[in-house]
Amino acid sequence: MIKDDTQELLLSEAASFPSLLPTPPTDPIWWRQAAIYQIYVRSFADGNGDGIGDLRGVRDRLPYLRDLGIDAVWFTPWYESPLKDGGYDVADYRRINPQFGSVEEAEVLILEALALGIRTIVDVVPNHVSNRHAWFQQALAAGAESPERERFWFREGRGDSGELVPNEWPSSFSGDTWTRTTNADGTPGEWYLHLFTPEQPDLNWDHPDVRREHEDVLKFWFDRGVGGVRIDSAALVVKDPALPEIDPVAHYRQGEHPNLDRDGLHDIYRSWRAIANSYEGSRVLVGEVWLADLERFALYLRPDELHTAFNFEFMNQPWNEPDLRKAIDGTLAAHAPVGAPSTWVLSNHDITRPVTRYGRADSSFDFAKKRFGTPTDLAVGARRARAAALLTAALPGALYLYQGDELGLPEVEDIPLDRLDDPMHFRSARVDPGRDGCRVPLPWSGAVAPYGFSPDGATAEPWLPQPTAFAGLTVEKQEQDPASMLLLYRRALQLRGIEPSLLGETFTWVGDSATNVLHFRRGEDVVVVTNLGDEPVALPEHTAILLCSDPLVEGLLPPDTAVWLRTSA
Ligand code: NOJ
Ligand code: CA
């Protein structure tokens, strides 16, 4: 799509990119077992030296991503945004945040990545927009009861003078879910609903404009060659228009909770699937669906709805055999009837990094439990995170890898308080450290900050400070260390991409469940063993060791270690 000189320049640059323009990947079911790498643009790589990651930085690092062995990248929102919630407050879907680049550069990036066999997934946030979005600005200006306000949830307050919130819905970000507006004459006006921050007003999905606009946004990005869309807060989007109170102990009839998992959501995703299907090649819809009920979760994955959804059930589990086994079984059982592949996720830009989480007495994940000063043994955590990498990469289905986990980065827990940025921290009365600790700019090279995140000679500091511990974790350093996390991930993803047994979807447990060991067979001739106990265990019969997360000790698999074995078929 040539639009102007910049675009032509970028495309001619793309044409001279080494190894560009071979045949792009064509497998129509690539998404069933893809390894997908999540890029948080702001913190991946800074190409122009202003301390903020950008598309230039990503383009420069595409060969790194190819060498890692991934099939696709998922970009957290890269659109124009005031970044009040890290970009999940979208002001304009048809523009890229100018700090990151331009739509023209995104188009080139998509092409360059494809030429290296990497598809692009973009993020769409249907539940809300930024308060700087044109629709919300128009709604504020148009005043009470205007048609412009019907695209959102504006309501009169309760109480004698409307001084009380319209309802008491809770927020996943703690704090209020309603903010009162001020009328043009300075008097207090209507309230508007925001399940997240006040800068993220919720959209009214009963309004046809809201549906149409999102369908157009999907087409806008599909037309630019993206291979898929990740759908933010996918189960929260539809509301009961009466906005009734939520009774936390009530058992709602399925599909009738006031703002979660409502039946009306399925129509929306069916229409999105029809749009995705109307494009050549396969365009995948990935839902961020947080639902404890796995049967309800699986309904979103029926053949005419989303292709896949994130498996948070598995991610939330502590590092122990019974809980992980149960989550694997539950996941596979829930997906089987709808024929969708499972996904396996260890973390993302919202979650405490695995190296830190697995080093804690309570290694399960729960937003509500995040606190400053939780004791952590990073050596134990790192060992377990290596084993977890091999365990998850061997499970049948798609794999998500969050940037920096391949380097074994820990959660950064000593960011100075005055540098914290995440609304989850501020809205918790500052008791929750928030999500900045997993969003610190990546260390690429060198011994001092910015560790190659920004180009040599850049004077601006990275937008979040990097700890000195990053000196030992740079890509440059890990590339020279055969025992590094990076090389373990590279070998695992590369093998996973070529081993027929791992590419298939057959999975069978071996042995019983009372052993502290997860032992399963994949396909014809690969067996995977993860030791979650305190004692070393013997390896089952095998013809070769394909990959081990840490060295064997006297021929035994030590605690917190996983191994991929070749067996005779
Ligand atoms: C889920 C996203 O992953 C998170 O980062 C964001 O804050 C919320 N949705 C709200 O959009
Ligand atoms: Ca930059």
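Two strands pair if DSSP finds at least two bridges between them, and the strands themselves are DSSP runs of E with at least two residues, while helices are runs of H or I with at least four, numbered from the N terminus.

What we have here is a predicted model, in which local features need pLDDT of at least 70 and side-chain atom pairs count only at pLDDT 80 or more, whereas totals for chains, interfaces and linings use all residues. Residues are numbered from 1 along each chain as its sequence is written, chains are lettered from A and ligands numbered from 1 in the order in which they are written, and side-chain values use heavy atoms, with hydrogens and water left out.

The open sheet has 3 strands, ordered β6-β8-β7, with antiparallel pairing. β6 (154–155) and β7 (178–182) stand at the edges with a single partner strand each, so one side of each lacks a neighbour in the sheet. Between β6 and β8 (residues 188–193) there are 2 bridges. Arg-155 has Trp-191 in β8 as its bridge partner.

I turn to the calcium ion, ligand 2. Which residues supply its protein donors? They are Asp-46 (OD), Asn-48 (OD1), Asp-50 (OD), Ile-52 (O) and Asp-54 (OD), at 2.2 to 2.4 Å. Donors here are N, O and S atoms within 2.8 Å of the metal, or 3.2 Å for Na, K and Ca; water is not among the atoms, so sites may look incomplete. The donor spacing in sequence reads D-x1-N-x1-D-x1-I-x1-D. Ile-52 is buried at 15% relative accessibility, and Asp-54 is buried at 3%; buried means under 20% relative accessible area, exposed over 50%, and partly exposed in between (1.4 Å probe, protein chains only).

Next, Arg-283, in the loop between α7 (265–277) and β10 (284–287). Arg-283 is buried yet has no salt bridge, the nearest side chain of opposite charge being Asp-223 at 6.8 Å. A salt bridge requires a side-chain nitrogen of Lys or Arg within 4 Å of a carboxyl oxygen of Asp or Glu; Lys and Arg count as positive, Asp and Glu as negative, and His and the chain ends are not counted. The Arg-283 side chain does reach two backbone oxygens: that of Phe-222 at 2.9 Å and that of Glu-280 at 3.2 Å.

Finally, Glu-413 lies in the loop between β13 (398–402) and α13 (423–427), and is partly exposed at 42% relative accessible area.

Technical notes: A polar contact is a pair of N or O atoms within 3.5 Å; within protein, one must be able to donate a hydrogen and the other to accept it, and residues adjacent in sequence count only if both atoms are side-chain atoms.
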